[in-house]
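Visitor: I would like a walk through this model, with questions as we go. Could you bring it up for us?

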Amino acid sequence: SMPMTAMFEGLICFAIESGDERIRNDILRKKLSNERILETARLLRKHRLKFFTFNMIGLPTETIEQAFETLTLNAKIGTTVPYFTVFQPLPGTDIYNFSKDKGLLSAEIGVEHMEQFFFFGDSIPLNQPSSPFLPNLHKLSFVAIKFPWAMPAIRLLVKLPLGSFYKLVFNIGLFYQEKLKLNLGWFEAMQIAWKLRKEMGSESA
């Protein structure tokens with residue numbers, strides 16, 4: 001099947017979620033191949049249509065390599081705006097039950113804490129080997145996709161304790177993302193990115 005698409009602020013949107021087909025199809029149950037994603041993107045580019053992809057980092061059983069597959073796939077299809085969030089195992093969902101059955105849920109994480117992980121989170125709410133590094137990759141995801149030649153360096157950076165650097169890069173990416181998404185001038189994009197950062201940051205406090 002082709003990816004489900006929708007319009008969001010003038011852009012065609014579809015959800016990739018993970019660049020790893022096993023995670024996307026077996027765990028998320030999307031029944032969507034990389035081949036179909038590549039073909040959809042090819043058609044959109046052929047008709048000069050901008051598009052927006054939804055992706056998650058920190059999915060159950062996800063390794064660093066599988067997370068990089070998500071970035072690589074987004075870079076390959078040439079998405080206009082790659083939107084990344086941190087996975088949240090919401091109670092009552094199948095994927096929450098899967099995470100619980102696998103013993104991946106962090107004991108200290110409750111529903112009241114979920115929102116803080118979604119966009120600006122500094123940790124992943126799952127106990128798995130990749131969890132210490134994936135929040136760093138989340139913050140560098142926009143730069144990695146727009147400048148794929150930097151991925152070898154990013155593979156090294158995500159393992160370093162560079163919290164302030166990751167946040168700076170994330171904020172720059174957020175600003176440029178808003179500029180691309182809304183086709184704004186530099187100053188307008190900066191205003192919106194700052195407002196979004198402030199609003200979502202206060203919600204997660």
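Visitor: In which helix does Ser 141 lie?

Guide: First, a word on the ground rules: this is a predicted model, where local features need pLDDT of at least 70, side-chain atom pairs count only at pLDDT 80 or more, and totals for chains, interfaces and linings use all residues. Residues are numbered from 1 along each chain as its sequence is written, and side-chain values use heavy atoms, with hydrogens and water left out. Helices (H or I, at least four residues) and strands (E, at least two) are DSSP runs, numbered from the N terminus. Ser 141 lies in helix α6.

Visitor: Is Ser 141 buried or exposed?

Guide: Buried means under 20% relative accessible area, exposed over 50%, and partly exposed in between, with a 1.4 Å probe and protein chains only. Ser 141 has 5% relative accessibility, so it counts as buried.

Visitor: Which residues does Ser 141 touch, not counting those up to four places away in sequence?

Guide: Contact here means heavy atoms within 4.5 Å. With residues up to four places away in sequence set aside, Ser 141 touches Leu 71 and Phe 84.

Visitor: At what angle do α3 and α6 pack?

Guide: Two packed helices are described by the angle between their axes and the distance between the axes. Axes are lines fitted to C-alpha atoms, for helices over the stretch in contact, and angles run from 0 to 180 degrees between N-to-C directions. The axes of α3 and α6 are 10 Å apart, and the packing angle is about 20°.

Visitor: How are α3 and α6 oriented to each other, and why?

Guide: Angles under 35 degrees count as roughly parallel, over 145 as roughly antiparallel, 65 to 115 as roughly perpendicular and the rest as oblique. With a packing angle of about 20°, α3 and α6 are therefore roughly parallel.

Visitor: By class, how many residues in the contact of α3 with α6 are nonpolar, polar and charged?

Guide: The α3 side includes Phe 68, Leu 71 and Asn 74, while the α6 side includes Leu 134, Leu 137 and Ser 141. Ala, Val, Leu, Ile, Met, Phe, Trp, Tyr, Cys and Pro count as nonpolar, Asp, Glu, Lys and Arg as charged, and the others, Gly among them, as polar. The contact has nine nonpolar, two polar and no charged residues.

Visitor: What is the relative accessibility of Thr 70?

Guide: Thr 70 has its place in helix α3. Its contacts, leaving aside neighbours within four places in sequence, include Glu 17, Asn 55 and Phe 84. Thr 70 counts as buried, with a relative accessibility of 0%.

Visitor: What is the phi of Glu 17?

Guide: Glu 17 is found in strand β2 (residues 11–17) and is buried, with a relative accessible area of 16%. Although Glu 17 is not a glycine, its phi is positive, at about 70°.
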